[in-house]
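Please prepare a short briefing on the structure shown below.

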Amino acid sequence: MFKILNLSNIFYWIEKLIGFINSVFFILLLVALSFALIFSPPDYLQGDSVRIMYVHVPSAWIGLASFSSISILSIAHFIFKIKNIRLITKSIAPIGLMFTCLALVTGSIWGQPTWGTWWVWDARITSMFILALFYVGFISTHKLIANENKANKISSIIAIIGLINIPIIKYSVDWWNTLHQPASIKLIGESSIHSSMLMPLLLMFFVFILYCALIFLMKYKTEIIKIKKKNIKRI
Amino acid sequence: MIQNFLSMNGYGLFVWGSFVITFVACGLLYYRTHKTLKKYEREFAKEINELSFERKKIVIENSKIASQVLSSFSKTI
């Protein structure tokens, strides 16, 4: 069972997965873009500006999911001290930061035609901005602190403290009066979004997930090579 | 029809702007990640090649990763 967790085996599967994702990615992207930009209907209130949702919502979901995974893995690292976990969190963080920034930027662009303003310090947007700051803190700890153990401890603490912000982001639209609309898609209960918009949204989300997997695998592979490079010097 | 599609009923700048920013950012992250990976692969392969014959043999026999990187690196040359 543990043989599969061996770095050599992981490395082998990374190569296979990267090849597979590369082979299907562009076809899926074209299909998803066609639905998002052509086949999905305009909103009865927002018109065609609703199409921004197809990049904004998946970006926000990925930003939140990435930080939640980093936090949970950091807790696991504190308990089990598995070195591999650090490689995984380090590889996820830049992806999460980029998508959180994209959610903020595309949200701001969507805000102008919808609310008449580019930016407002309401609960949802402010808590998303704080999430981006947590990502910056996590990544810069690894860049600025040379001592690996110290960097790991500090970044883990940042990730665990940042976990408090995740439910705040999720429920900010329910707890406070914000410009941001409440969630239209619910895992439990009935979603208020029509299937003609839900399907392109899920397709775009799937394409973004594939892209994240591709970047994660390349970053993870780079981290493995860095370790092997260090080991070679010891021979 | 194409003009309607591009103008998005007056929201074209916002919609296309969002999509372009997203895909440019994704493209840049992909480019940077790919470039860094290739740089480390190249350096790793170079370090193995600089080892003496016996050491190189030990490394390749004991590390599947080293042999994979070496073979993929030699393919790209």
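**Briefing: two chains and their contact**

In chain B, 19% of the 77 residues count as buried. The model is predicted. In chain A, which has 235 residues, the buried part is 35%.

**Chain B**

- Chain B contains 4 helices and 0 strands, and its pattern along the sequence reads α-α-α-α.
- Chain B is more spread out than a compact globule, because its radius of gyration is 23 Å, well over the 11 Å that the globule rule gives for 77 residues.
- A box of roughly 70 × 20 × 20 Å, taken along the principal axes, is filled by the C-alpha atoms of chain B.

**Chain A**

- Chain A is built with 7 helices and 0 strands, in the order α-α-α-α-α-α-α along the sequence.
- Along the principal axes, the C-alpha atoms of chain A fill a box of roughly 65 × 40 × 30 Å.
- If one takes the contacts in chain A between residues at least 6 apart in sequence, 76% of them join residues at least 24 apart.

**The contact between the chains**

- Chain A gives 33 residues to the contact, and chain B gives 32 residues.
- On the side of chain A that touches chain B, at least two residues each come from α1 (7–39), α2 (53–80), α3 (83–115) and α7 (195–234) of chain A.
- The largest share of that side of chain A is the 12 residues from α7(A).
- By type, the residues of chain A on this side are 18 nonpolar, 8 polar and 7 charged.

Methods. Residues numbered from 1 in each chain as written. Chains lettered and ligands numbered in written order. Predicted model: local features only at pLDDT ≥ 70, side-chain atom pairs only at ≥ 80, totals over all residues. Contact = placed C-beta atoms within 7 Å. Nonpolar A, V, L, I, M, F, W, Y, C, P; charged D, E, K, R; others polar. Buried ≥ 20, exposed ≤ 12 C-beta atoms within 10 Å, placed from the backbone. Rg over C-alpha atoms; globule rule 2.2 N^0.38 Å.
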